[in-house]
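Dear colleague,

I am handing over the structure that we spoke about, and below it you will find my notes on what was found. Please keep the structure open beside the text as you read.

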Amino acid sequence: MLDKLTAKISDALRIVSGKATITEKNIDDAVEAIKLALLEADVNLRVVRRFVNSTIEEAKGEKVLRSVDPGQQFIKIVHDKLTGYLGDTTLNANGQSAQDLQLKGPDTISVILMLGLQGSGKTTSSAKLALRLKKDGRKPLLVACDLVRPAAMEQLAVLGTQISVPVHKEDGAKDSVAVFKNAWNWAQKNLIDTVIVDTTGRLQIDEPMMEELARLKNAAKPDELLLVADSMTGQSAVDIAKTFDEKIGLSGVILTKFDSDTRGGAALSLKTITGKPLKFVGTGEKPEDFEVFHPERMASRILGMGDVVSLVEKAQEVIDQKEAEVLRKKMEKENFTLEDWLDQLRSMKKMGSLQSMLEMIPGMSGQISEEDIDKAELKYQEAILSSMTRKERANHLIIGPTRRSRIARGSGTSVAEVGRLLKKFEKMRTMMKKMSKLSRNPAAAQSMFSKMGQFQGR
Ligand SMILES: Nc1nc2c(ncn2[C@@H]2O[C@H](COP(=O)(O)OP(=O)(O)OP(=O)(O)O)[C@@H](O)[C@H]2O)c(=O)[nH]1
Ligand SMILES: [Mg+2]
């Protein structure tokens, strides 16, 4: 995910970071390096030019050059600029930003129309969005309005079953507007509050496609018209968005395949060139691989500053709020038990790709790949912990030599291995206690996180 861009920009920032004083030449060099990184990432030329001019102007001001930590000031400018290109973070009276979905209250049916070229990820994203809304407490219905490809309806039906969301499809139907109307009637009777309409994609934008979409739009009066675009296509995703917006009108964009080797150009050019907000990114093939787009966090990720907030949120989806609060208190008081550790190992499994979690940790982006993580070690730890009794997990101090050999036998490990795990646990507890105190201090948290990384190894 944007690894190359992050690596290049981190290199560029090294020119200025940590220096007591920086010169105008340093700024020029850093900006030039960032410019090359952006161009290589396929960011629109107009956006790059604007970035260069405004950054140089701002960074060469007295405030930066004379400040105590000029490097940090410079990075903040770059961060804010990138954030601005990625989206609009100002909140309206309802506390919503441009990136948030504009849906009606649960008493009325809201409609989301999904548009896009063939293979961009419309059907997959429809299901991902439905799952996300369901998790948010809404009642979605998926509607199969791609009547061109017979397999398309079936694909949506399968996804619907997978995520337990109802799907309305009519085999052999010819008119997508009629299908939509029937779906709407069904939705009304079944207390659905959000109707997500999957539509037909074509290889390129053509008139019949646009006409069909326009008819569907008139009938459905959607609250959101979301373009699903493949981030791998770079700037052409931006051109597609522009055309769809001119012909049909868009309210936002979903960029898919962000997990693949995308260069990031589309995400960075979209808002400036089309004026349309990026609302979600697809990060894999599974229904869970979907993230709400946060401009500020994405900017931090691009700068290699990690994304602690997203990480915490992702974790919270799994560990429920109350549990998290209990855990925090335990960490603070140092009564985090082996039982808690086992719970954590298990919820980590639920959280999906460890890699995507690690990318969100400051300083870890690009430094650790999935292969580096000793999955066997995690399994080992789980095996040892599972072989303990509840009583032992509640209080590790009672685990003497006899218990150790029983646990070793039960888990197929050795007494030494069990001993190592217990030592590791003690160290971990101490570190957690420190960390929970330091969580307000990002720099300290960063060094702590990298130390935590060492727990993965043996
Ligand atoms: N890696 C990855 N693959 C994705 C993502 N989104 C979609 N895909 C894959 O892209 C392929 C096309 O996705 P679909 O959802 O069928 O695309 P579509 O736009 O509905 O395609 P048509 O209905 O043929 O127009 C599938 O193999 C998906 O699994 C993503 O975010 N990451
Ligand atoms: Mg489809």
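Let me begin with one residue, K276, which counts as buried because its relative accessibility is 19% and the limit for buried is under 20%. Please bear in mind throughout that this is a predicted model.

K276 forms a salt bridge with D245, and the closest N and O atoms of the two are 3.6 Å apart. K276 lies in the loop between α11 (265–274) and β7 (278–282), whereas D245 lies in helix α10 (residues 235–247), so the pair ties together parts that are 31 residues apart in sequence. D245 itself counts as partly exposed, with a relative accessible area of 21%. As a general point, side chains of opposite charge can pair when their charged atoms come close.

Other salt bridges

A search of the whole structure finds 27 salt bridges, and I describe a few of them here. D175 forms a salt bridge with R215, where the closest N and O atoms are 2.8 Å apart. This pair links distant parts of the chain, since D175 is in the loop between β3 (167–168) and α8 while R215 is in helix α9 (residues 207–220), 40 residues apart. Both partners are partly exposed, D175 at 30% relative accessibility and R215 with a relative accessible area of 44%.

K35 and E32 also form a salt bridge, with 3.9 Å between the closest N and O atoms. How far apart are K35 and E32 in helix α2? They are three residues apart, and therefore they are separated by about one helical turn. K35 counts as partly exposed at 27% relative accessibility, and E32 counts as partly exposed at 37%. Finally, E24, D28 and K60 are linked in a network of salt bridges.

The binding site in the record

In an unreviewed entry, UniProt lists a "binding site" that includes G121 and T123, along with others such as K122 and T256. I looked at two of the listed residues in more detail.

G121 lies in the loop between β1 (110–115) and α6 (122–135), and G121 is buried, with a relative accessible area of 16%. Leaving aside its neighbours within four places in sequence, G121 is in contact with V228 and T256, and T256 is itself one of the positions in the UniProt list.

T123 is found in helix α6. Is T123 buried or exposed? At 8% relative accessibility, T123 counts as buried. When its neighbours within four places in sequence are left aside, T123 is in contact with Q155, L156, L159 and D198.

Two residues with a positive phi

Most residues other than glycine have a negative phi. Against that background, please look at D42, which has a positive phi of about 70° although it is not a glycine. D42 is found in the loop between α2 (24–40) and α3 (45–59), and at 18% relative accessibility D42 counts as buried.

L191 likewise has a positive phi, of about 55°, although it is not a glycine. The place of L191 is in the loop between α8 (176–189) and β4 (194–199), and at 66% relative accessibility L191 counts as exposed.

A nonpolar patch

On the surface, L36, L39 and L45 form a nonpolar patch, with about 250 Å² of accessible area together. One of these residues, L45, is found in helix α3, and L45 counts as partly exposed at 42% relative accessibility.

The chain as a whole

The secondary structure of the protein chain comes to 21 helices and eight strands. Of its 458 residues, 50% count as buried. Which share of the contacts between residues at least 6 apart in sequence join residues at least 24 apart? In the protein chain that share is 73%. The protein chain exposes about 22,300 Å², and carbon and sulfur atoms supply 52% of that area.

Note on methods: Residues are numbered from 1 along each chain as its sequence is written. Chains are lettered from A and ligands numbered from 1 in the order in which they are written. This is a predicted model: local features need pLDDT of at least 70, side-chain atom pairs count only at pLDDT 80 or more; totals for chains, interfaces and linings use all residues. Side-chain values use heavy atoms; hydrogens and water are left out. Helices (H or I, at least four residues) and strands (E, at least two) are DSSP runs, numbered from the N terminus. Buried means under 20% relative accessible area, exposed over 50%, partly exposed in between (1.4 Å probe, protein chains only). UniProt positions are given in the numbering used here, feature names are shortened, and annotations may be inferred rather than shown by experiment. Contact means heavy atoms within 4.5 Å. A salt bridge is a side-chain nitrogen of Lys or Arg within 4 Å of a carboxyl oxygen of Asp or Glu. Accessible areas come from the Shrake-Rupley method with a 1.4 Å probe; for residues, only the protein chains shown count as cover. Patches are made of residues with over 30% relative accessible area and no salt bridge: like charges are joined within 9 Å, nonpolar side chains (Val, Leu, Ile, Met, Phe, Trp, Tyr) within 5 Å.
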